[in-house]
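Let's take a friendly walk through a protein model. Have the sequence and the 3D view open as you read.

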Amino acid sequence: MSTFNILRRHRAVLLFSAVFVAPLAAGVALNASLANTQAGSSPVASAIGASATSYAPIVAADKPAVVTITSIMKTSSAPDDQTQPSDSGPSSNERLPQFFGNRGIPAPKAPPQGATQLAEALGSGFIISSDGTIVTNNHVIDGASDIMVTLDNGTELPATLVGHDAKSDLAVLKVTAGKPLPTVAWGNSDGLRAGDPILAIGNPFGIGTTVTAGIVSARGRDLNGGPYDDFLQIDAPINHGNSGGPLVDTNGAVVGINTAIYSPNGGSVGVGFAIPSNEAKQIVAKLVKNGSIEHGLLGIEMQPVTTDLANALGLPTPEGALVAHVGDGSPAAHAGIETGDVITGFAGQTIKEPKTLSRAVADLLPGKREAMSVWRNGKTVALSVVVGGNDDSVKQVAAINSSQPVHSSFPTLGLALGDLDQTVRQALNVPSQVRGAVVEGIDPDEPAATSGIELGDIIVSVNRVPVQTAKETSQAISGATKSSKKSVLLLIKRGEQQIFIAVPYGNG
């Protein structure tokens with residue numbers, strides 16, 4: 001199970017049980033069309049005050065609007081110990097030790113083979129409109145063939161999917177009850193402060209509607225799951241099955257949607273995450289209106305600009321979004337964005353980190369033209385880009401959470417490099433069109449070891465100049481050390497990913 005877990009519990013109908021992990025994400029802002037759900041309309045706002053000693057009035061008012069969601073889906077399984085043998089000979093990972101000693105990467109296991117089974121995915125949700133409109137997480141209903149909603153009074157109703165959005169991890173359902181249903185009101189998540197009390201309501205592990213109390217531990221948490229990561233961190237205990245349930249304030253208004261936990265042991269350890277209500281409202285309203293959402297994209301991978309990277313790039317300050325890869329045929333490619341550019345401005349907004357750009361692009365409709373500025377070869381270049389749309393054939397805007405390089409006083413990098421001959425290419429599964437030098441050794445006492453470079457990395461450029469061979473790479477690095485800069489900028493290919501790493505070599 002992933003350390004960061006989606007709060008969903010799967011219960012086996014036939015032979016097994018499992019908990020699946022889905023991408024993490026968060027949503028965006030407000031809609032006046034759901035007027036009966038606006039903040040301030042909570043009936044319990046006047047029932048309790050800041051000095052209240054019990055949360056019972058909040059629970060009494062909100063609990064009837066919290067529902068349990070059961071999604072029926074198909075999945076395949078097999079016992080964990082029944083991995084299938086490979087008949088294709090030694091894997092590329094099994095051949096790594098001959099090049100890199102005992103640092104070989106373990107060979108991947110073949111996927112288990114088993115019969116298709118039916119499973120129930122249990123989650124939570126809350127009613128925002130008396131006509132039966134329900135909000136939950138997308139991962140609660142993702143892949144479901146049938147969805148059932150159980151009201152607080154035990155009534156089971158079939159639900160239809162109004163709309164869903166994987167990037168924000170939000171979904172809207174609709175049930176028909178034949179009568180008005182109880183609702184909860186949206187609150188103002190922007191008004192929350194670290195230390196403010198909150199309540200989480202949901203159905204953990206399918207045991208029944210449960211209320212837990214805690215505080216807001218932090219704001220603006222990024223779990224690197226998508227462009228909308230801006231979670232509230234809470235310490236109220238939440239577990240699998242709480243996904244999609246409301247996080248409410250002391251007025252009983254919904255200020256968040258419980259979505260994920262940090263869980264090294266599979267259970268709650270007091271570190272939970274919720275989508276802020278002010279980010280969810282607009283997404284929910286769009287889903288109610290259109291059933292889906294089109295997100296903009298550039299088709300790039302990017303990473304933060306560290307101090308060493310800024311020095312290597314000649315940037316005055318370590319800010320912006322460093323482009324590590326440009327997708328072929330992507331909007332970014334058509335706009336002339338290049339690998340190694342640092343995007344510093346987009347659509348009139350200053351870009352200080354990849355998250356800012358990712359969010360700005362995702363919020364735009366495809367087809368919109370925007371101005372942008374990039375830092376390239378020591379100067380600012382103005383570009384214009386037509387934002388693309390959802391297209392699985394092009395990588396979405398993504399932020400690579402690269403490790404922070406560590407400054408060192410060593411004058412050399414401490415790398416042993418080799419050519420990409422056919423044997424090495426086969427061992428590392430490197431495409432024939434890739435040129436560069438393979439890292440065959442790393443001196444643990446030299447700067448490269450503390451900068452994030454790994455055995456098997458392919459160096460494809462030095463200070464943004466492509467390299468073809470180990471000798472050419474060594475010469476380029478040697479020449480770079482004679483410059484006034486404190487770091488050399490290496491573009492590394494590691495598996496399917498490209499990433500810039502700045503390795504310090506000076507004494508400063």
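What follows covers a helix, some strands, a few salt bridges and a handful of single residues.

This is a predicted model, where local features need pLDDT of at least 70, side-chain atom pairs count only at pLDDT 80 or more, and totals for chains, interfaces and linings use all residues. Residues are numbered from 1 along each chain as its sequence is written, and side-chain values use heavy atoms, with hydrogens and water left out.

**A helix with two sides**

Helices here are DSSP runs of H or I with at least four residues, strands are runs of E with at least two, and both are numbered from the N terminus. Take helix α9, residues 470-480: A470, T473, I477 and A480 are buried there. Buried means under 20% relative accessible area, exposed means over 50%, and partly exposed is in between (1.4 Å probe, protein chains only). These four cover an arc of only 90° around the axis, so they sit on the same side of α9; the arc is that of the directions from the helix axis to the C-beta atoms. Over on the other side of α9, K471 and Q475 are exposed. What covers the buried residues? The cover includes β23, β24, β25 and β27.

**Strands side by side**

In a regular strand the side chains alternate between the two faces of the sheet. Strand β5 (residues 133-136) has T133 and V135 pointing one way and I134 and T136 the other way, and all are buried. β5 runs antiparallel to strand β9 (residues 170-174), and four bridges join them; two strands pair if DSSP finds at least two bridges between them. V135, for one, has V172 as its bridge partner in β9.

Strands β6 (residues 146-150) and β7 (residues 156-158) are antiparallel too, joined by three bridges. Their hairpin has five residues between the strands, and G154 takes a positive phi near 95° in it.

**Charged partners**

A salt bridge is a side-chain nitrogen of Lys or Arg within 4 Å of a carboxyl oxygen of Asp or Glu. The whole structure has 13 of them, including these:

| Pair | Closest N and O atoms |
|---|---|
| D131 and K174 | 3.9 Å |
| R193 and D196 | 3.1 Å |
| E338 and R464 | 3.6 Å |

E338 is in the loop between α6 and β18 and R464 in the loop between β25 and β26, so this pair ties together parts that are 126 residues apart in sequence. Salt bridges that share partners also join E338, D341, R376 and R464 into one network.

Now look at K281 in helix α4 (residues 277-290). K281 is buried yet has no salt bridge, and the nearest side chain of opposite charge, D190, is 8.0 Å away. Here Lys and Arg count as positive and Asp and Glu as negative, while His and the chain ends are not counted.

**Single residues in loops**

Is A253 buried or exposed? A253 is buried, at a relative accessible area of 5%, and is placed in the loop between β13 and β14. Its contacts (heavy atoms within 4.5 Å) include D62, W186 and L247.

Most residues other than glycine have a negative phi. N429, in the loop between α8 and β24, has a positive phi near 60°, and at 62% relative accessibility N429 counts as exposed. N463 also has a positive phi, about 50°; N463 is partly exposed, with a relative accessible area of 28%.

Note on methods
Lists of a residue's contacts leave out its neighbours within four places in sequence.
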